[in-house]
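Have the viewer open while you read.

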There are 2 protein chains.
Amino acid sequence: MQSDIQISNQHLCLPITNIATDLGINASELTLFGNTKAKVSLSILNRLAKKTHAKLVIVTAVTPTPYGEGKTVTTIGLTQAMKAIGINSCACIRQPSMGPVFGTKGGAAGGGYAQVVPMEELNLHLTGDIHAVSSAHNLAAAAIDARLYHEERLGIEAFAEQSGLAPLNIDPQNILWKRVVDHNERSLRQIEVGFGEMNGPIHTSGFDITAASELMAILALSKNMKDLRSRIGRIVLALNKDGQPITAEQLGVAGAMAVIMHDAIEPTLMQTLSGAPCFIHAGPFANIAHGNSSIIADDIALRLADVVITEGGFGSDMGFEKFCNIKVNNSGVTPDASVVVVTLKALKANSGIGSEKCVNEPDLKRLKAGFKNLEWHIDNVSRYGIPVVVAINRYPEDTDDELTWLQQKITQTKAFGSSISEAFAKGAAGATHLAEIVNLATQQQSHFKPLYSNDDSIESKLMTLTELMYGAANMTLSDKAQQQLSWLKQHGYEHLPICVSKTPMSLSHDPKLKGIPRGYDFPISEFKLNAGAGFITALAGKVMTMPGLGLRPGYLDVDIDEQDKIIGLA
Amino acid sequence: MQSDIQISNQHLCLPITNIATDLGINASELTLFGNTKAKVSLSILNRLAKKTHAKLVIVTAVTPTPYGEGKTVTTIGLTQAMKAIGINSCACIRQPSMGPVFGTKGGAAGGGYAQVVPMEELNLHLTGDIHAVSSAHNLAAAAIDARLYHEERLGIEAFAEQSGLAPLNIDPQNILWKRVVDHNERSLRQIEVGFGEMNGPIHTSGFDITAASELMAILALSKNMKDLRSRIGRIVLALNKDGQPITAEQLGVAGAMAVIMHDAIEPTLMQTLSGAPCFIHAGPFANIAHGNSSIIADDIALRLADVVITEGGFGSDMGFEKFCNIKVNNSGVTPDASVVVVTLKALKANSGIGSEKCVNEPDLKRLKAGFKNLEWHIDNVSRYGIPVVVAINRYPEDTDDELTWLQQKITQTKAFGSSISEAFAKGAAGATHLAEIVNLATQQQSHFKPLYSNDDSIESKLMTLTELMYGAANMTLSDKAQQQLSWLKQHGYEHLPICVSKTPMSLSHDPKLKGIPRGYDFPISEFKLNAGAGFITALAGKVMTMPGLGLRPGYLDVDIDEQDKIIGLA
């Protein structure tokens with residue numbers, strides 16, 4: 001089989017204007033970026049204000065493994081297959097970060113014959129939204145350090161007199177806003193800034209990957225430009241020397257940040273290999289943000305298509321849970337069905353037994369043990385009152401025996417149904433059965449309910465998540481977390497939903513705990529306020545907000561060929 | 001008079017496809033970015049391979065002052081006026097950096113009724129080229145630090161065995177490649193990176209503004225994608241522990257860097273307020289790079305228009321000199337005429353006498369003293385064998401007496417002619433006389449010659465520049481510069497042209513030396529190899545490669561209004 005970029009390069013894309021017209025977007029609502037990408041104006045929401053929302057399907061997966069479960073492949077393949085059986089479908093996915101593209105993971109356009117094309121457009125700059133997030137984020141970082149510099153240089157009284165601005169009295173030990181760059185940059189994780197004459201004061205800072213910026217979560221959760229602007233104003237950048245929050249509004253930088261993101265708020269329309277429409281918008285890093293595409297993209301798609309398919313990062317305990325408890329909390333738009341993606345390999349790797357090297361070999365004992373992980377995810381999703389379809393993403397080496405066993409076992413769960421998907425190898429044709437079942441599932445009466453209410457205490461929200469989603473028996477807060485909790489309550493942030501930041505590689509906080517860990521303590525080490533995004537992050541263990549480059553990074557294979565074409569993207 | 005952004009907002013732009021068609025660009029050669037911006041494919045150079053080049057005019061100025069001489073206003077106004085008198089004209093200007101946009105200077109789209117529109121599109125993301133430069137630059141920084149980390153962690157033998165790559169043996173004290181960000185970021189000028197567990201080794205780094213990246217100079221000097229790719233490969237990122245250069249090619253990151261810049265190599269077409277075409281491409285920071293727009297943009301424009309007008313950063317000793325000795329050296333395309341922009345204010349401020357606060361007041365004594373500065377710049381340009389036209393950019397408060405005196409004095413110089421330009425207040429109509437004179441000048445027999453040959457020694461090239469352009473009597477090299485000079489000679493870099501990095505605010509290296517400093521020593525503190533861009537930077541004194549934000553930064557005024565429109569950009 002050909003590589004992803006070969007398949008993408010050999011495909012003749014339709015003009016994006018055709019895709020837009022078919023979907024019901026007017027020419028005046030499009031800003032073209034060449035022939036294969038277009039941003040869609042938010043004015044379309046006014047025109048379609050009275051249109052009712054279509055069915056919304058959210059794709060999630062079992063606990064992720066290093067082999068890749070194929071969640072985006074299934075999302076795109078399902079969208080293609082829906083179109084093939086005559087349903088007006090549309091996908092909404094996140095914009096990939098360039099860090100992993102040049103690191104190890106490769107792109108995020110799907111793969112094989114279930115791709116968004118041209119894949120190199122999606123995986124590189126797209127229409128500049130991630131660059132806008134980096135730029136707006138780093139303007140705030142520059143602004144806070146510059147303000148600190150001038151206030152310290154002049155003293156706050158002379159500063160006030162000379163600048164005409166109210167001093168902020170920033171505590172250099174409590175600058176909460178780091179910098180961002182869209183690369184895997186280990187050496188910038190923790191840095192000291194402000195060396196050299198007249199550049200100080202020297203203080204600690206660091207870089208996160210751009211997808212981990214609170215601004216990325218704000219982009220994903222905003223309903224319109226006014227909402228984006230006011231959320232940016234609420235971001236807490238630092239504390240002053242009295243421990244009080246300093247917001248982007250107080251610093252006077254919120255307007256400029258919103259201006260830099262003025263175009264980023266419009267989602268980008270592209271197409272799949274089968275010509276189905278796909279919106280790409282926002283890409284908040286799943287284990288430190290809420291891991292879902294934007295409310296705006298969903299909103300537009302749901303007024304245009306009959307079925308909209310989106311995905312949440314990692315397993316049902318991660319992006320899916322945050323979809324239901326954070327994104328729905330902001331949008332009011334509830335899902336109608338969910339797809340849980342699974343592979344035979346993933347179940348074996350999640351079994352907690354056997355060697356990681358032998359996941360390709362038939363092994364019913366491991367499969368049985370790993371099945372519990374799938375069952376947990378099916379139960380997780382069912383708790384929200386929506387039907388679950390299991391998509392078994394088939395690899396070429398999978399045996400019919402094991403697949404048959406798995407499908408049989410799924411009939412004994414709460415799942416609405418299951419189907420083997422061969423979208424990677426066969427495109428739409430490999431997922432038509434899946435499409436039919438998912439379509440049926442969306443027509444069931446759905447009884448969606450979130451897991452907790454905003455009025456619950458922070459501890460109660462957390463306990464609900466740790467017990468029901470992660471299977472923990474108890475939750476413990478570090479001393480630091482206890483202090484931060486008091487501060488959050490004092491400052492009126494208790495009503496916010498909780499975004500747990502934990503490893504995605506286990507249901508628990510510990511990537512080594514495979515299978516279905518039960519009866520353990522779930523430790524919260526720290527809270528982080530995202531007042532602009534509108535959630536409180538609870539950190540469980542050490543969570544990386546900046547990946548690193550490995551021994552043989554992906555960039556080694558990427559180049560430009562004799563015809564000036566891009567090669568080597570995976 | 002209205003503000004720049006008000007004028008821009010109230011103007012109804014023509015579809016950029018109309019501008020392109022009028023200029024002779026085929027639809028298939030355009031990549032649209034909305035209705036007002038389009039990238040132009042380099043394939044146009046094949047189609048127009050046999051077209052002869054049009055006339056090329058380079059706009060420069062007297063020694064810059066804080067008041068602004070209006071070089072871009074004159075460039076755009078002249079292009080508009082040429083069109084108005086029936087000449088097929090086109091401008092080529094640099095892409096503005098967002099640092100100054102949100103810092104103090106404001107945008108770089110021209111101003112008043114001589115603007116490129118929409119100005120906010122030009123001044124913010126444009127078509128993403130600066131973001132691409134930042135991203136490609138920072139990938140190389142991440143790559144070199146990651147390689148250092150892995151080689152130090154494993155030891156070079158184990159590294160070679162496990163990675164299959166030849167160890168580079170990087171000297172952490174000699175990493176020459178810093179990071180970049182497109183903001184005014186004082187606190188990142190000098191930083192220490194690599195703190196925290198497994199992120200090391202700790203070493204010094206820092207950020208320049210993106211416009212100061214060698215990649216920006218490479219973008220400006222490349223002739224095509226192959227040239228760009230091979231220049232990137234030649235960049236020296238670090239020295240190894242034996243003092244030998246390590247290139248981007250050796251690190252294996254050059255291909256990926258070129259891929260990130262794959263679209264940036266195409267210039268962007270926009271329009272002026274009068275519908276004249278304007279290419280925007282590259283923006284190398286004038287006092288540390290060569291300060292001119294790209295060879296590719298010039299090349300395309302010169303095959304399409306009859307007169308192409310471009311500008312070099314700062315005075316004739318800076319961007320103009322580098323145009324003639326670096327850009328022409330790479331392109332082989334020589335200018336046919338030059339425009340030196342001057343204002344009454346600038347001459348008074350350059351007089352070396354009187355108070356800076358009184359530059360608006362009539363003062364013939366100061367004007368006479370300052371006139372020498374203009375004469376020096378006229379002589380500078382004349383040395384290259386091309387005709388000089390002086391454009392007097394009129395301010396409302398300028399008196400007729402002083403303007404008449406100035407025009408009379410100019411007749412006694414080597415200038416081909418002069419004209420008062422009122423392009424800011426009147427657009428094309430304010431510069432038609434200037435356009436006529438410049439057009440006449442381009443029809444003179446031109447005898448362009450550069451100031452030195454590649455075969456001259458580095459010392460000789462430098463001596464030529466310091467004597468003829470800056471009026472110095474001697475040149476001195478610091479010990480460090482002496483050592484670096486030996487290294488450059490040993491490693492075969494002596495044939496490269498020299499890019500002197502000095503203050504633009506004086507003809508000399510010292511911003512306090514106003515007027516026409518003579519008989520002084522010009523001190524070179526350091527050399528910096530830009531092997532990819534293909535020049536050696538010679539640093540004279542302390543030159544800022546990263547601006548800072550002032551007491552009341554420009555961002556304070558920028559916001560989004562009730563109609564979601566951008567306001568407050570200057």
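Helix 13 of chain A holds a run of buried residues: Ile295(A), Ile296(A), Ala297(A), Asp298(A), Asp299(A), Ile300(A), Ala301(A), Leu302(A), Arg303(A) and Leu304(A). Buried here means under 20% relative accessible area, with over 50% called exposed and anything in between partly exposed (1.4 Å probe, protein chains only). Since 10 of the 10 residues of this helix (residues 295-304) are buried, helix 13 of chain A is largely enclosed by the rest of the structure. Helices (H or I, at least four residues) and strands (E, at least two) are DSSP runs, numbered from the N terminus. At the start of helix 13 of chain A, a side-chain oxygen of Ser294(A) comes to within 3.4 Å of the backbone nitrogen of Ile296(A).

A word on the ground rules: this is a predicted model, where local features need pLDDT of at least 70 and side-chain atom pairs count only at pLDDT 80 or more, while totals for chains, interfaces and linings use all residues. Residues are numbered from 1 along each chain as its sequence is written, chains are lettered from A and ligands numbered from 1 in the order in which they are written, and side-chain values use heavy atoms, leaving out hydrogens and water.

Zooming out, chain A has 21 helices and 26 strands. Its radius of gyration (over C-alpha atoms) is 23 Å, close to the 25 Å that the globule rule (2.2 Å times the number of residues to the power 0.38) gives for 570 residues, so chain A is as compact as a globular protein of that length. Of those 570 residues, 65% count as buried.

Now the interface, where contact means heavy atoms within 4.5 Å.

| Item, chain B and chain A | Value |
|---|---|
| Residues in contact | 73 residues from chain B, 73 residues from chain A |
| Buried area | about 6200 Å², 62% of it on carbon and sulfur atoms |
| Salt bridges | eight |

Buried area is the accessible area (1.4 Å probe) that two parts lose on being put together, summed over both. Val259(B), Leu551(B) and Tyr555(B) supply 11% of the area that chain B buries against chain A, more than any other three residues.

A salt bridge puts a side-chain nitrogen of Lys or Arg within 4 Å of a carboxyl oxygen of Asp or Glu. Lys542(A) makes one with Glu197(B), with the closest N and O atoms 3.7 Å apart. On the side of chain B that touches chain A, the largest share, 14 residues, comes from helix 7 (residues 129-154) of chain B.

Notes
A polar contact is a pair of N or O atoms within 3.5 Å; within protein, one must be able to donate a hydrogen and the other to accept it, and residues adjacent in sequence count only if both atoms are side-chain atoms.
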